[in-house]
Amino acid sequence: MTGAAAKLVLATRNPAKLGELSRILADGNVPVDLVTLDDFPPMPEVAETGRTFAANALVKARAVAEFTGLPAVADDSGICIDFLNGMPGVLSARWSGVHGDDEANLRLVLGQLADVPVGQRGAHFACAAALVLPSGSEHVTEGVMSGSVTDAPRGTNGFGYDPIFVPESSELTTAEMDPADKDAISHRGKALRALAPVIAALLGG
């Protein structure tokens, strides 16, 4: 008889991120009970003070593991636009000045690229995912998805900059894609899939 699945906290209140990691762990047959910060209402917001995606992911995962006493997964990701010298980068979620205002962030980026020709609108999404155990064990994986920025938002799936990003070898924005198709190529999908066997080895027993 097997015991109950280990509990793993995903350091977010974003249901789209929960769905994405749930699908990836299910596909990898990783037996964990995945919960989010919604299950821990007193958990304070964690300031993303790192200068890299990996640093921010670790900051969040460490804080959540310490607060909950449970293994925690956190990610940090953003869009890096060639014409903007790799920005917004780690500032992606607050590029417009208000954290998490997707519409304002999109408007600002599109405004900054308004006069940039199609062939010069290259960009990539980058993601770092971190697993931190209460014991102090830490693991970080990374993923990248290259593509370009459109001149107007398209699609209603996804979140963040998905409506203005077209991956290489696609004509659809990531907000127009089926979630499973996006998972297969996305920066976050790559980082989380790389982390899944580590989660399985440490928590799946």
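Biologist: How many aromatic pairs does a search of the whole structure find?

Modeller: The search finds one aromatic pair. Rings of Phe, Tyr and Trp (its six-membered ring) pair if their centres lie within 6.5 Å; planes under 30 degrees apart are stacked, over 60 edge-to-face, and the rest tilted. This is a predicted model, in which local features need pLDDT of at least 70 and side-chain atom pairs count only at pLDDT 80 or more, while totals for chains, interfaces and linings use all residues. Residues are numbered from 1 along each chain as its sequence is written, and side-chain values use heavy atoms, with hydrogens and water left out.

Biologist: What is the mean pLDDT of the chain?

Modeller: The mean is 92, and 98% of the residues reach 70 or more, where pLDDT is the predictor's confidence in each residue, from 0 to 100. Helices (H or I, at least four residues) and strands (E, at least two) are DSSP runs, numbered from the N terminus.

Biologist: Why is Ser186 called buried?

Modeller: Buried means under 20% relative accessible area, exposed over 50%, and partly exposed in between (1.4 Å probe, protein chains only). Ser186 has 1%, and therefore it is buried. This residue belongs to the loop between α4 (179-185) and α5 (187-203).

Biologist: How do you know that the side chain of Ser186 makes a polar contact with the backbone nitrogen of Gly189?

Modeller: A polar contact is a pair of N or O atoms within 3.5 Å; within protein, one must be able to donate a hydrogen and the other to accept it, and residues adjacent in sequence count only if both atoms are side-chain atoms. The backbone nitrogen of Gly189 lies 2.7 Å from a polar atom of the Ser186 side chain.

Biologist: What makes Asn56 a buried residue?

Modeller: Its relative accessible area is 0%, so Asn56 counts as buried. Asn56 is in helix α2, and its side chain has a polar contact of 3.1 Å with that of Asp76. Not counting residues up to four places away in sequence, Asn56 touches Glu48, Thr49, Gly50, Asp76 and Val90; contact means heavy atoms within 4.5 Å.

Biologist: What span does helix α2 reach from its first C-alpha to its last?

Modeller: Helix α2 (residues 53-68) has 16 residues and reaches 23 Å, close to the expected 22 Å. The expected span is 1.5 Å times one less than the number of residues. The buried residues of α2 pack against β1 (6-10), β3 (72-81), β5 (122-132) and β6 (138-149).

Biologist: Why does Thr68 count as buried?

Modeller: Its relative accessibility is 16%, so Thr68 falls in the buried class. A polar atom of the Thr68 side chain lies 2.7 Å from the backbone oxygen of Val64, and one lies 3.1 Å from the backbone nitrogen of Leu70. Just after α2, Gly69 takes a positive phi of about 75 degrees.

Biologist: How do you know that the charged end of Lys182 sits over the ring of Phe159?

Modeller: A charge sits over a ring if NZ of Lys or CZ of Arg is within 6 Å of the ring centre and within 35 degrees of the ring normal. The charged end of Lys182 is counted as over the ring of Phe159, 4.9 Å from its centre. Phe159 is in the loop between β6 and β7 (165-167).
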